[in-house]
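Subject: Structure for you to look at

Hi there,

I'm passing this structure on to you, as promised. Could you open it and keep it on screen while you read the rest of this message?

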Amino acid sequence: MNEDLIEAAKSARNNAHAPYSKFYVGAAIRTPSGAIFAGCNVENVAYPEGTCAEAGAIAAMCLAGEYEITEVAVAAGGDEPSSPCGGCRQKISEFAKGNVLVTMVAAGGSKKTITVADLLPGAFDLERLNAGVTATGS
Ligand code: THU
């Protein structure tokens with residue numbers, strides 16, 4: 001069902017710029033329009049300036065004027081599927097409902113699919129933000 005998304009993530013991985021970690025990642029996200037947006041990790045010699053594949057895909061989606069994710073695929077190296085980092089889990093949850101499926105695929109071929117809710121239980125969300133907003137900080 002999500003083979004096209006997996007292929008897009010694998011293809012994006014081929015363009016990753018990861019000369020420091022040598023951990024090449026590609027991500028692809030689908031939106032309600034059916035469009036697919038992909039991204040790859042882009043590292044920097046000033047290490048913290050590097051960006052994750054998921055962040056690149058989300059930026060491409062927003063640039064196209066779309067703001068909802070219905071499916072995610074992440075392709076990385078090794079024999080076991082690699083799941084999104086903590087920061088990317090939060091970034092994905094900004095645009096995806098809890099039941100959205102995230103498929104992780106390893107270069108070796110093995111795959112794992114879990115929901116966004118399982119990926120980031122207890123996510124910090126707008127409801128939590130609004131509940132804690134005060135005029136004075138008290
Ligand atoms: N990386 C991603 O692109 N996505 C993730 O979810 C995990 C980590 C990248 C960041 C860095 O370029 C490399 O993988 C090693 O951490």
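Below is what turned up around the ligand and in the pockets.

Before anything else, please keep in mind that this is a predicted model.

**The ligand and its surroundings**

Let me begin with the ligand, which sits in the largest pocket. The residues around the ligand are Ser 21, Phe 23, Val 25, Asn 41, Glu 43, Cys 52, Ala 53, Glu 54, Pro 84 and Cys 85. By class, this shell is made up of 6 nonpolar, 2 polar and 2 charged residues.

Which atoms come within 2.9 Å of an oxygen atom of the ligand? From Asn 41, a polar side-chain atom lies 2.9 Å from a ligand oxygen. Ala 53 contributes a polar backbone atom, also with 2.9 Å between that atom and an oxygen of the ligand. Cys 85 has a backbone N or O atom 2.9 Å from a ligand oxygen. As for cover, the ligand taken alone exposes 370 Å², and the protein buries 76% of that.

**The largest pocket**

The pocket that holds the ligand has a volume of about 230 Å³. Its lining counts 19 residues, and those closest to the centre are Phe 23, Val 25, Asn 41, Cys 52 and Glu 54. Among the secondary-structure elements, α2 (53–63) and β3 (69–76) each give at least two residues to the lining. Sorted by class, the lining of the largest pocket has 10 nonpolar, 7 polar and 2 charged residues.

**The second largest pocket**

What lines the second largest pocket? You will find Gln 90, Ser 93, Glu 94, Ala 96, Ala 123, Phe 124, Asp 125, Leu 126 and Leu 129 there. This pocket holds about 150 Å³ of space. Both α3 (86–95) and α5 (126–132) supply at least two residues of its lining, and α3 gives the most, with 3 residues. The lining of the second largest pocket divides into 5 nonpolar, 2 polar and 2 charged residues.

Key: Residues are numbered from 1 along each chain as its sequence is written. This is a predicted model: local features need pLDDT of at least 70, side-chain atom pairs count only at pLDDT 80 or more; totals for chains, interfaces and linings use all residues. Side-chain values use heavy atoms; hydrogens and water are left out. A residue is near a molecule or strand if one of its heavy atoms lies within 4 Å of it. A polar contact is a pair of N or O atoms within 3.5 Å; within protein, one must be able to donate a hydrogen and the other to accept it, and residues adjacent in sequence count only if both atoms are side-chain atoms. Accessible areas come from the Shrake-Rupley method with a 1.4 Å probe; for residues, only the protein chains shown count as cover. On a 1 Å grid over the protein atoms alone, a cavity is a set of points where a 1.4 Å probe fits but cannot get out, and a pocket is an open set with protein on both sides within 12 Å along at least five of seven lines; lining residues have an atom within 4 Å of a point. A molecule sits in a cavity or pocket if more than half of its atoms lie within 2 Å of its grid points. Ala, Val, Leu, Ile, Met, Phe, Trp, Tyr, Cys and Pro count as nonpolar, Asp, Glu, Lys and Arg as charged, and the others, Gly among them, as polar. Grid points are joined across faces, edges and corners, and a volume is the space filled by probe spheres set on the points. Helices (H or I, at least four residues) and strands (E, at least two) are DSSP runs, numbered from the N terminus.
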